[in-house]
Amino acid sequence: MTKTRAEIEAFLYHENELLDEWKLEEWAALFTDTGSYLIPPLKNPTANPATSLFYVHDDRKRLEDRAKRLLKKEAHVEYPHSKTLRNISNVRIKSQEDNKIVVRCNFTTYRTKRDVIDTFIGVQDYHLIVENDALKIQEKKVTLQLDSLRPHGKISLIL
Amino acid sequence: MSKYVIENQEKCEFLVHRSAFTSQEILEKEREEIFSKCWLFIGHETEIPKKGDFKRKKVGGRNLLFTRGSDDVIRVLYNSCPHRGALVCREDEGNTRVFRCFYHAWSFKNDGELVGMPGKDGFADDFNCDGAKNMKQVERLESYRGLMFVNFDENAVSLEEYLGNAKEYIDLVADQSELGMEALNDPQEYSVRANWKLIGENSVDLYHGMPTHKTYFDIKMEQDANAKNVKLEGIGKDLGNGHAVMEYTSPWGRPVARWTPAWDEEDKKEIDEIKQKLVERFGEERADRIANYNRNILIFPNLVINDIMAITLRTYYPVEPGYMEVTGYSLAPVGESEKSRLMRNENFLEFLGPGGFASPDDNEALELCQEGYLNNTGVEWNDISKGMNRMNNGEQPHATDEEQMRSFWRQWNKIISKDVKEKEEALV
């Protein structure tokens, strides 16, 4: 069952809207049961997590923990929630075979809190799966196009 | 203001004036008296394993090159052309025999020696016969157990003397593998919009552990029902010279060598083997200390070694009174199995990394302190007295006390108030 570009883009926009609206448990539910969410080291985006230190290397369980944590008042860094705005662009459908779709897009995520704006930019690689006609995320890899995390200081958001 | 730190043992009160975190004047003084005279961590020797390897580093507000020459000698060069001053090397890291400044194409061997410049006939025959036009080496470079430190003061005491009692604790980290320890590539470079001293305090502050990191502990409790039986408790110690440590038990797993039910049962065997090797090398007692106890070590002024669920070497420098740049390295045993390394990395990113479930909350706490210091004129003093009552009763301070921070502040105050004291003494 082939998915159209419009359907794939709508899915990505939906994911970003959930994140901007802090509907993080709904975001986690977009992943397959074995899905993963990754942010590799800045200077080594093709690194192996067993030998290199990632910023985020979440299996399905940890990405759910991440979502739940960020909704707690004790996730101090995001309480009160910062305002965020995510834009994605340059969506490239790299391949579509059987039920697997590989998509790459560029992203810009703005976060504002206490009068400061942090900007995260980079590329997102998605491995999507068609399950019962619906799209699910098997892997989301975020490659930041930053030379360091200064001045942001942290990645407290889901990117 | 002649005093920034007030210690009153009798009243069990230790106060730090909040201008220490906000004053530009104090930062200038710190640059002069601390970041130009104390031993500063530059990196681990394993970061540049091969001849010709180099890394660009910013240490003590200087641009430096951490290099291993073709002669296999590790040097630290000021990254600035002796001709007109441009950064000679623009790459963050690499391997080279020659550094070339692109501005006028002066070339230097990887030991800093000037080996070429265009238009040589425009210079005297004996130009650079005294080596004054070579890339300058940093005044002092010494290492302890693979940790390399620089000092910009030729007259500084030796690194070993400087580290003093802290060596015992560095040894407990360095002894974790018979093959030695290595720093992983790609250190995490981040920042905090707060004064640099706040991260040193935070790193040896177990008191904030539960309230600040409740969400992390919630996750650990969920992974291991028995986790709540292991308390965060232990001792805090002033190690002299401004260094300090807390040593304590915790509910998390340590890849060397404390298994947790959050890990696979099959990993237990490997952890047990690591522990057994430690027992063979050091005996039961020291092996138990290395494997089961956590240590957060503060090396004055700005190196933190957290030997907790993973090991981080963390340095941090002020750019402004309210903004610091942080670099976090992961230190791991050479020859560790891929599975163990993965568990270590997961532990690191989950707690210690800037994308994890703990460090961002620390970052937030420090930024809120910095914001709170806007009230300095109305509310002037920080209180760091927890545990002084215990000490007055002859008891060992707890890890959740604040003796570790007092150790830092005593040294800081000694250095920063030096000429205030001299002036006062001259008046007497």
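**View 1. A salt bridge between A:Arg114 and B:Glu371.** In this predicted model, the two side chains meet at 2.7 Å, N to O.

**View 2. How much gets buried between chain A and chain B.** Together the chains bury about 3,500 Å², and carbon and sulfur atoms account for 47% of that. On the chain A side, look for A:Leu53, A:Arg114 and A:Arg150: they supply 23% of the area that chain A buries against chain B, more than any other three residues.

**View 3. Helix H1 of chain A and what covers it.** H1(A) runs over residues 5-20, and its end C-alpha atoms sit 22 Å apart; that agrees with the 22 Å its 16 residues should span at 1.5 Å a residue. Its buried residues include A:Ile8, A:Phe11, A:Leu12, A:Leu18 and A:Leu19, and also A:Glu9, A:Glu15 and A:Asn16. Among the elements covering them are helix H2 (24-28), strand E3 (83-97), strand E4 (100-113), E5 and strand E6 (134-144) of chain A. Just past the helix, A:Trp22 takes a positive phi of about 60 degrees.

**View 4. Two cis peptide bonds in chain B.** One links B:Val256 to B:Ala257, with omega near -20 degrees. B:Ala257 lies in the loop between strand E16 (243-249) and helix H7 (265-292) of chain B. Another joins B:Phe300 and B:Pro301, with omega about 0 degrees; B:Pro301 is in the loop between strands E17 (294-299) and E18 (303-307) of chain B.

**View 5. Positive phi at A:Asn90 and B:Asp72.** Neither is a glycine: A:Asn90 has phi of about 50 degrees, while B:Asp72 is near 70 degrees. A:Asn90 is found in strand E3 of chain A, whereas B:Asp72 is in the loop between strands E5 (62-68) and E6 (74-78) of chain B. B:Asp72 counts as partly exposed because its relative accessibility is 39%.

Definitions and conventions:
Residues are numbered from 1 along each chain as its sequence is written. Chains are lettered from A and ligands numbered from 1 in the order in which they are written. This is a predicted model: local features need pLDDT of at least 70, side-chain atom pairs count only at pLDDT 80 or more; totals for chains, interfaces and linings use all residues. Side-chain values use heavy atoms; hydrogens and water are left out. Buried area is the accessible area (1.4 Å probe) that two parts lose on being put together, summed over both. A salt bridge is a side-chain nitrogen of Lys or Arg within 4 Å of a carboxyl oxygen of Asp or Glu. Helices (H or I, at least four residues) and strands (E, at least two) are DSSP runs, numbered from the N terminus. The expected span of a helix is 1.5 Å times one less than its number of residues. Buried means under 20% relative accessible area, exposed over 50%, partly exposed in between (1.4 Å probe, protein chains only). Contact means heavy atoms within 4.5 Å.
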